[in-house]
Amino acid sequence: MTKINSTSPDNVLCTVSQVYKSYGSQSVLNGVDFEIHEGEQVALMGPSGSGKSTLLNCLSGIDRPDQGSIEIGGLEITSASAAELAEMRRGTVSTVFQFFHLLPTLSAFENIELSLQLIGVSPRDRRSRVEELLEAVQLSSHADAFPETLSGGERQRVAIARALAHRPRLLLADEPTGSLDTQTGDSILQLLSQLAGQFNIAMVLVTHSVDAARICQRTIHMRDGKIG
Ligand SMILES: Nc1ncnc2c1ncn2[C@@H]1O[C@H](COP(=O)(O)OP(=O)(O)OP(=O)(O)O)[C@@H](O)[C@H]1O
Ligand SMILES: [Mg+2]
């Protein structure tokens, strides 16, 4: 297989090859293969329990496959060290979850700022970047609000701003509208797609909604532990 790196001529950002993962005797991923190009938005669909979150967790390095290869931005993450994986999560890859996972004791501003603090961005640059992101997700007026005082859609917009703060190349979104009403969910999807496009970030969007999948350029399906 061709070695992928950041200057790959065909702009492949992520290559998943023959990935297998079992929990006990239950085989969940059964030879998953696909590629994602730089800036490409891909919807990942499939029945409940088909392994979508497991696959995303393998892509983000939270979980490890039993077999196979996952290469993202030139890093073979299946054999990467814990330090390399941490570096990847602070750099190349970012995640948005269904239930936001904001820190309750930090304001919207501070939740976003924290991810920049962790990579050593100076206080001045942090401030301007967080202000820019709050504006991008239309929450400038809620900078000092704590998560418990925000609506679900507002919380998810803070989580999106946080996920984009370090300018990742791949955004993994696992049912980001799963706990929102349809109208709020639609606006969140529009925002995600627009910001990913604006910053040239590739996205894997896990969704059960055919309508939601339409915001992506391509849809892939999990079937029997494979991409069908
Ligand atoms: N940590 C774990 N330990 C044991 N089994 C697990 C674990 N994580 C997932 N599984 C099992 O693996 C299968 C796939 O789960 P996964 O969460 O990836 O599905 P999913 O496609 O994301 O489903 P949903 O659409 O409901 O979110 C399920 O049968 C689940 O019970
Ligand atoms: Mg899931």
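1. The shell around ligand 1 in this predicted model consists of Y23, V28, G46, S48, G49, S50, G51, K52, S53 and T54, a residue being counted as near a molecule or strand if its C-beta atom, placed from the backbone, lies within 6 Å of it. By class, this shell has 2 nonpolar, 7 polar and 1 charged residues (Ala, Val, Leu, Ile, Met, Phe, Trp, Tyr, Cys and Pro count as nonpolar, Asp, Glu, Lys and Arg as charged, and the others, Gly among them, as polar). Helix α1, residues 52-59, gives the most to the shell, with 3 residues; helices (H or I, at least four residues) and strands (E, at least two) are DSSP runs, numbered from the N terminus.

2. On numbering and confidence, residues are numbered from 1 along each chain as its sequence is written, while chains are lettered from A and ligands numbered from 1 in the order in which they are written. The model is predicted, and local features need pLDDT of at least 70, side-chain atom pairs count only at pLDDT 80 or more, and totals for chains, interfaces and linings use all residues.

3. Four strands form an open sheet in the order β2-β1-β4-β5, with antiparallel pairing, where two strands pair if DSSP finds at least two bridges between them. Its edge strands are β2 (26-37) and β5 (75-76), each of which pairs on one side only. Strand β4 (residues 67-72) joins β5 over 2 bridges in the antiparallel sense, and E71 stands opposite E76 in β5. Helix α1 lies across β1 (12-23), β2 and β4, running at about 60° to β2; axes are lines fitted to C-alpha atoms, for helices over the stretch in contact, and angles run from 0 to 180 degrees between N-to-C directions.

4. Elsewhere, strand β3 (residues 41-45) pairs with strand β9 (residues 218-223) in the parallel sense over 4 bridges, and T219 in β9 is the bridge partner of A43. β9 also pairs with strand β10 (residues 226-227), here in the antiparallel sense and over 2 bridges, with M222 opposite I227 in β10. The hairpin of β9 and β10 has 2 residues between the strands, and D224 takes a positive phi near 50° there.

5. The axes of helix α3 (residues 108-117) and helix α5 (residues 152-164) come within 8 Å and cross at roughly 25°. The two helices are therefore roughly parallel to each other (angles under 35 degrees count as roughly parallel, over 145 as roughly antiparallel, 65 to 115 as roughly perpendicular and the rest as oblique). Their contact is made by A108, N111, I112 and S115 of α3 and V158, A161 and R162 of α5, contact requiring C-beta atoms, placed from the backbone, to lie within 7 Å.

Methods
Two residues are in contact if their C-beta atoms, placed from the backbone, lie within 7 Å.
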